[in-house]
Amino acid sequence: MVSWREDTQLRDLDDEVLIEATCIRCLHTWLQSPTALLLKVDHRDVYLEEVAVNLSCPKPGCRHVGVRLEVIRNEDTSGFVGGMP
């Protein structure tokens, strides 16, 4: 069974999307854009599973390799706002 991380390439994500990464060891959490991550990898066709396995924690003193990824849609989610008169 293929998970969403194995099926989604980093270049498939829009600029409005943010990636929340959490270190597996120290639980430090940070946000990165797909563009910033693309600048760090060797090739454009990297899958999110590869990013999760190979991304290192930026926290000084940790530098553990391996994170948990969440994709955050940074879209306008305001729906219909109305009420009774």
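I began with Val67 and listed its contacts (heavy atoms within 4.5 Å): leaving aside neighbours within four places in sequence, Val67 meets Arg5, Ala21, Thr22, Cys23, Ile24, Trp30, Val51, Ala52 and Leu55.

I noted that this is a predicted model, in which local features need pLDDT of at least 70 and side-chain atom pairs count only at pLDDT 80 or more, while totals for chains, interfaces and linings use all residues. Residues are numbered from 1 along each chain as its sequence is written, and side-chain values use heavy atoms, with hydrogens and water left out.

I checked pLDDT, the predictor's confidence in each residue from 0 to 100, and found a chain mean of 86, with 86% of residues reaching 70 or more.

I then looked up Gln32, which at 14% relative accessibility counts as buried (under 20% relative accessible area; exposed is over 50%, partly exposed in between, with a 1.4 Å probe and protein chains only). Beyond four places in sequence, Gln32 touches Leu18, Ile19, Leu37, Lys40 and Leu55.

I searched for salt bridges (a side-chain nitrogen of Lys or Arg within 4 Å of a carboxyl oxygen of Asp or Glu) and counted 2. Arg5 pairs with Glu49, their closest N and O atoms being 3.1 Å apart; because Arg5 lies in helix H1 and Glu49 in helix H3, the pair ties together parts 44 residues apart in sequence (helices are DSSP runs of H or I, at least four residues, and strands are runs of E, at least two, numbered from the N terminus). Arg5 is partly exposed at 22%, and Glu49 is likewise partly exposed at 22%. Asp45 and Arg11 form a salt bridge at 2.9 Å, N to O.
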